[in-house]
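Trainee: Please show me how to read the local features of this model, one at a time.

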Amino acid sequence: MSKNVPLLEEVLKYKKENNLILSMPGNKSGIGFLRDDIGKEFVSNMGFLDITEVDPLDNLHCPEGVIKEAQELLAKTYGVKKAYFTVNGSSGGNLACIFDAFNEGDEVLVERNCHKSIYNGLILRKLKVKYIEPVIYEDKGLFLPPNEEKIYKAIEECDNPKGIILTYPNYFGISYDISKILVDLKKKGFKIIIDGAHGAHYGFSKKLPKSIVKFADYTVISAHKTLPSLTQGSYLLVNEDNNIEFYLRAFMTTSPSYLIMSSLDYGRYYLDNYSDKDYNNLIHLSEEWSVKINSLNKITILKEEDLPSNYNLDLSRYVITLDKEYSGHKLLDYFRSKKIQCEMSFASGVVLILSPFNIDKDFEKIYLAIEELDIEKLKDNHYQNYFDIIPEKIMEPYEVFDKKYEIVKIGDSVGKVAKESLIPYPPGIPLVCPGEVISKEAVSIIEDYINNKKTVIGIEDNYIKIIK
C-alpha cells in the first residue's frame, strides 16, 4: 500500500482487521452508537456533520441555545450544580479546575500516580505539592489508590494545605471508598478535584461502584473512555467554583468539534435511557463468563473479594492477572494475535474494558483465546517488583521547570536533583518527580529496568537530566 496518506491508510488497515475492541474508546469504534435510531443516524452521517458555529447551533464558549440546554441536561443526569462539555479530553478540564481552585503558591495534596495533565497543571499554576503515596498490592501485582491512612498521613505532613486532587477510579478500575473522607475535608475548607476519567458510568447501575461527584467541587470524567462518545469528549461537573468558565475558554479550542459535542450529548442521553438495564446485563454476562474463563486455570480475572477492605472494583472490565513468572506484556501481544485489542498491559496482567455493547460471542472469543493459550510462552524471568521508596523533595516541580540542567549517566546521578520525572513502566508511577533527590535505591531500580530491557520514561540512552 502506498504511503501518500500514511496515517489514514494505517487506520483503515486497522479497521479491516476487525479486532474485538476491548480498549478505549467507549463507543467501541462506532458500535455503541448503534443502540437506537438516533445513534444510528448520527454515526451514518458522521462524516457530514463536521460543522462550525452557524446560527441555530449555538456556541460552546457562550452557550445560549441548544448547547446550554444539553449541558443543563448533563448537570441533571449527574446531580451537580453545573456541567460542561470539554472537547480536548479530560486534560483541558483538569487544567481548568486546577487554575480555578488554587492560587499560585498554594499547597496541594496529589496522588503520586496521577495523570500527566495534573502534573502539568501543578507546574503551570506554580503550586506546592505534597504527594500521597499509592498502596502497593504485591499479591496481585497491582498498585491501589491511597487509602484513608495514606491520605491523612500526607495531610499531617503539610504546612497549610488548600486542597486535594484524587483519582477515582484508577486505571485498573479500582477505587477506595473516599466519600466520608471528602465530607471531612470539605468541612476543613479543602478544595476537592476528582480526576474521574475512567468512571463516567459510575452510579448508573447498582452493580457498578457508586458515584462521588456530589462530594467534590470539580469532577472531570472522560466520557469517551467508557460511554458511547467520541475520543477527546469529556464532562466537567462542578458544585462550587470561582471563574471556571473563564479557564475553560482559556484551555479549550475556540473551534470546538460539533461531532465531539454531539457525541457527548448522545453519551448523556444513553445514560438517561439505557444505562441501568444495559450495565446490569453486561455485568451478568461478564461474571458468568469470568467463572468459565477462570476454570481454565491459566489466568485469573480479578474479583472484588480479592481486594483489601474498602476497595471496590468496576465489574464492567476484566483485570486479568498471571502468576509472577509470566508476562502481562506477552499476554497483550498474544491477545493482539487473536484479534483482541486490550486496553493496557502491566507486569503481571492486562486490562480489558468491556462495554454494554459486548455480546455473548465476544466473551466466547476471549474464552477460546485463553483456552488455546500456551501459558509457557508467556514466561518471563525478569518480573519487575513494585517499588516503595519516598524520595526527598528539594524543590517544587514549577521551580525546577526553568532551572538549567546537565545530562549525566544514570550511575552518576545519585544525590542529584531530577529535572524530569523518572517513570518505570510498568507500573507507570513516578519513581522520582521533578525536584526530588535521586537516591541510590532509585538508581538501582532504574538500572534493573534498563538491564531487563524495560521502559523508563525520562531516561535516554542511559542518561538523565539533573539540575545544575
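**Reading the features**

Mentor: Start with asparagine 310, which has a relative accessible area of 48% and is therefore partly exposed. Buried means under 20% relative accessible area, exposed over 50%, and partly exposed in between (1.4 Å probe, protein chains only). Residues are numbered from 1 along each chain as its sequence is written, and side-chain values use heavy atoms, leaving out hydrogens and water. The model is predicted: local features need pLDDT of at least 70, side-chain atom pairs count only at pLDDT 80 or more, and totals for chains, interfaces and linings use all residues.

Trainee: Where does asparagine 310 lie?

Mentor: In the loop between β12 (300–301) and β13 (311–313). Helices (H or I, at least four residues) and strands (E, at least two) are DSSP runs, numbered from the N terminus.

Trainee: What phi does asparagine 310 have?

Mentor: Most residues other than glycine have a negative phi, and most peptide bonds are trans. Asparagine 310 has a positive phi of about 75°. Lysine 126 also has a positive phi, of about 55°; it sits in the loop between α5 (116–124) and β4 (128–132) and is partly exposed at 39% relative accessibility.

Trainee: At what angle do helix α3 and helix α10 pack?

Mentor: Two packed helices are described by the angle between their axes and the distance between the axes. Helix α3 (residues 66–78) and helix α10 (residues 258–273) pack at about 35°, with axes 10 Å apart. Axes are lines fitted to C-alpha atoms, for helices over the stretch in contact, and angles run from 0 to 180 degrees between N-to-C directions. Contact means heavy atoms within 4.5 Å. Residues making the contact include Ile67, Leu73 and Tyr78 of α3 and Tyr258, Met261 and Leu271 of α10.

Trainee: Is threonine 219 buried or exposed?

Mentor: Threonine 219 is buried, at 3% relative accessibility. It lies in strand β10 (residues 218–221). Leaving aside neighbours within four places in sequence, threonine 219 is in contact with Ile194, Val213, Tyr235, Leu236 and Leu237.
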